[in-house]
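Visitor: I have not seen this structure before. Could you take me through the terms used for it and the grounds for each?

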Amino acid sequence: MDYAGVVALEILYMIAFLALISAGLAIVFGMMRVINLAHGEFVMLGGYTTIACVKAGVDVYLAMLVIAPLVVGAMGLVVERLIIRWLYGRIIDTMLATWGLSLLLVGLVTLIFGTSAVSVPAPIPGYQLGSYQMGGYNLFIIGITVLLLVFMWAVLRFTRAGLIARGAMQGPEVVAALGYDPGKVYMITFTVGAALSGLAGGVLAPLTGLLPSSGGAYIAKAFITVITGGAAAILGTLSSAAIFGVINQLVSFASTPVIGEIAMLALAIVLLRLMPQGISGRFFRGGT
Amino acid sequence: MNEWRATGSMQWGWFLLALALLVLLPLGFDTHTMSLLLIWALFAMSLGLLWGYAGLLSFGHAAWFGLGAYTYAIAAVNIGESTVPLLLAILVPAAGAAIVGAMMFYGRISDVYMGVITLVVTLILFNFMSATAGDAYRIGDARLGGFNGIPGFPILNVPGMPEVSLFGVPMYYVCVAALLGCYLLARWLLARSFGRILVGIRENEARCELMGYNVPACKTAVFAISAAMAGLAGCLFANWAEIVTPGVFSLRQTAEVIIWVLVGGLGTLLGPVLGAMALGAVKLYLGEQTVIDNSLVLGLLLIFVVLGMRRGALPTLQGWWDSRRRRLSLAQGARRRLGASSEPTA
């Protein structure tokens, strides 16, 4: 019974993890049809910001929930103005340019922080579930992810900004018809997406030690979650995160974590072959 | 774009000059480094054929490169002689690519989705090979070795004579032969109607389909041919390094080859070759010092090329040269006409 609880919690955690690291990428892809391959590095920078702040004596929650999103968001704004805005509508070129950006960021972080791993201790102690020792911080991540998704859904559904954002998902001409400048909307979208990546990086920093190359571990998972999810930012991402999370953890428990990850990747290929428009393109058309 | 430029034409003069230079090069240069540059050039050319002509960008070309390297190492350990492993290192990636390609292209998957699938295939191979430490993972006599890879397999030998190994200068000539041979093969393919159909697919896929060409079959075929060349490059790389590790499947390997092709120039075969050799040399040089990080330079270069020099170095130069020559011949023509019309009055 305890074991079932452990498995269930681990599955929930994996789903939350995938949804959290994909949220920023999903918003940018859903609204702008831009694939940001530097997304993993944005997450990594959120982590480094958090760790640098904690080392400087700032409260860990303030660092991960406020400072990391602000810093990475500001960086996203700069990147959008300098690179992304010249490439709208050229999806492959955007992927290549952001891949270059990801290499550039890895190089910069290596230059500044060196190649050794850095980490902060998790601020929440573990607890006992029957005879199993569980990480309390995992529950915090599940909670944060649920709050974030509910918040995003509420904003998209009930606010003026959400209305414009949903317009942007339909296409730039809808934004223009609503009376807004699509260029400006895209700029804000990319900044918000980067800030969400920074938040994910900050929140995950205490769990995983950070290396300059850590971004590579996130990008593939976030990438397949978003593409398999399809264009609807929240529903699509959540459904693909759920499928991948369940498969990854069940196979991991049955064999090894590496086989679990391979199963998840193989499943992604099968799902993409069956549903090239993504899960939301197939089942929840016009959803958010 | 005129008819000949669409697929390029064979320039025998330049080809023979290159051949002569490459054959004479061991007189003055270090063949060990040069062999590696030629292997990278072959790898880049295989992607250049796929991406530049058929317009199919694979975000996981390292999968076929690595598969060639691993296939050679595993087969060489088991067989001990190098001819069959060499052939297998070409055929296995080609077969793998034919399966993955058929799955994608008959399913009408393109652009981003093709990018994701090719990337994921590479990641699967990388993750799997990294996790194969221990005695349980072995194929025949070959232990896969996890992160440490497979060391100490027999390197290439003269066909039929297992005791005469090829290394140093002979190995260099093998690389020259592989690169030039694949170049001729690619040129021949592009000169046939197959090449024209590939360019047609790149320019307008729907139109090609409506004209009655079997687009998925052509795409799968070029994908497999390109993978076969990448596999050959991987096999040579395994022989050059004398060890294969999961690093051959890494994202960095994939990123590098894309940058080489892009910088060298899309829609040419020579561009990727020159791009790979020039940037490969820069990479080797940067690897010797620690002030500037290699990926920083590569990243900046990639951003710059995508934003500023869309067509890559070689086509940009070619365009500049063509327009200059056209201006020159126009000026000459005008002068001749002027001269002709002024003659009777003189």
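Guide: What follows is a set of questions and answers on a predicted model.

Visitor: What makes chain A as compact as a globular protein of its length?

Guide: The radius of gyration of chain A is 19 Å, and the globule rule gives 19 Å for 288 residues, so the description holds. Chain A has 12 helices and 2 strands, in the order α-α-α-α-β-β-α-α-α-α-α-α-α-α. Along the principal axes, its C-alpha atoms fill a box of roughly 60 × 45 × 35 Å.

Visitor: What share of each chain is buried?

Guide: In chain A, 53% of the 288 residues are buried. In chain B, buried residues make up 47% of the 346.

Visitor: Why is Cys175(B) called buried?

Guide: The cut-off for buried is 20 or more other C-beta atoms within 10 Å. Cys175(B) has 24 such neighbours, so it counts as buried. Cys175(B) lies in helix α7 of chain B. Beyond four places in sequence, its contacts are Ser35(B), Leu38(B), Ile39(B) and Leu236(B).

Visitor: Why do residues three or four places apart in an α-helix point the same way?

Guide: An α-helix has 3.6 residues a turn, so residues at that spacing point the same way.

Visitor: Where is the kink in α3(A)?

Guide: The kink lies at Ile67(A), shortly before the proline Pro69(A), and is about 35 degrees. Both Ile67(A) and Pro69(A) are buried, and among the other buried residues of α3(A) are Ala63(A), Val71(A), Gly76(A) and Glu80(A). The cover over the buried residues of α3(A) includes α2, α4 and α8 of chain A.

Visitor: Why is Arg33(A) called partly exposed?

Guide: A residue is buried at 20 or more other C-beta atoms within 10 Å and exposed at 12 or fewer. Arg33(A) has 17, so it is partly exposed. Arg33(A) is in the loop between α1 and α2 of chain A. The C-alpha atom of Arg33(A) is 9.8 Å from that of Thr94(A), a residue 61 places away along the chain.

Visitor: What is the phi of Arg33(A)?

Guide: Phi of Arg33(A) is near 55 degrees, a positive value in a residue other than glycine. Glu242(B) also has a positive phi, near 60 degrees.

Visitor: Is Glu242(B) buried or partly exposed, and how do you know?

Guide: Glu242(B) has 13 other C-beta atoms within 10 Å, so it is partly exposed. Glu242(B) sits in the loop between α10 and β6 of chain B.

Visitor: Which residues touch the most other members of the largest nonpolar core?

Guide: That core has 211 residues, and those touching the most other members include Ile39(B), Ala44(B), Val120(B) and Leu232(B). Helix α1 of chain A gives the most to the core, with 18 residues. Beyond four places in sequence, the contacts of Ala44(B) include Val257(B), Trp260(B), Pro272(B) and Ala276(B).

Visitor: How many residues of each chain take part in the contact between chains A and B?

Guide: Chain A gives 34 residues and chain B gives 31. On the side of chain A, α4(A) has the largest share, 16 residues. By class, that side has 27 nonpolar, 4 polar and 3 charged residues.

Key
Residues are numbered from 1 along each chain as its sequence is written. Chains are lettered from A and ligands numbered from 1 in the order in which they are written. This is a predicted model: local features need pLDDT of at least 70, side-chain atom pairs count only at pLDDT 80 or more; totals for chains, interfaces and linings use all residues. A nonpolar core is a set of buried Ala, Val, Leu, Ile, Met, Phe, Trp, Tyr and Cys residues joined through C-beta atoms within 7 Å. Helices (H or I, at least four residues) and strands (E, at least two) are DSSP runs, numbered from the N terminus. Two residues are in contact if their C-beta atoms, placed from the backbone, lie within 7 Å. Ala, Val, Leu, Ile, Met, Phe, Trp, Tyr, Cys and Pro count as nonpolar, Asp, Glu, Lys and Arg as charged, and the others, Gly among them, as polar. The bend at a residue is the angle between axes fitted to the seven residues ending there and the seven starting there. The radius of gyration is taken over C-alpha atoms; the globule rule is 2.2 Å times the number of residues to the power 0.38.
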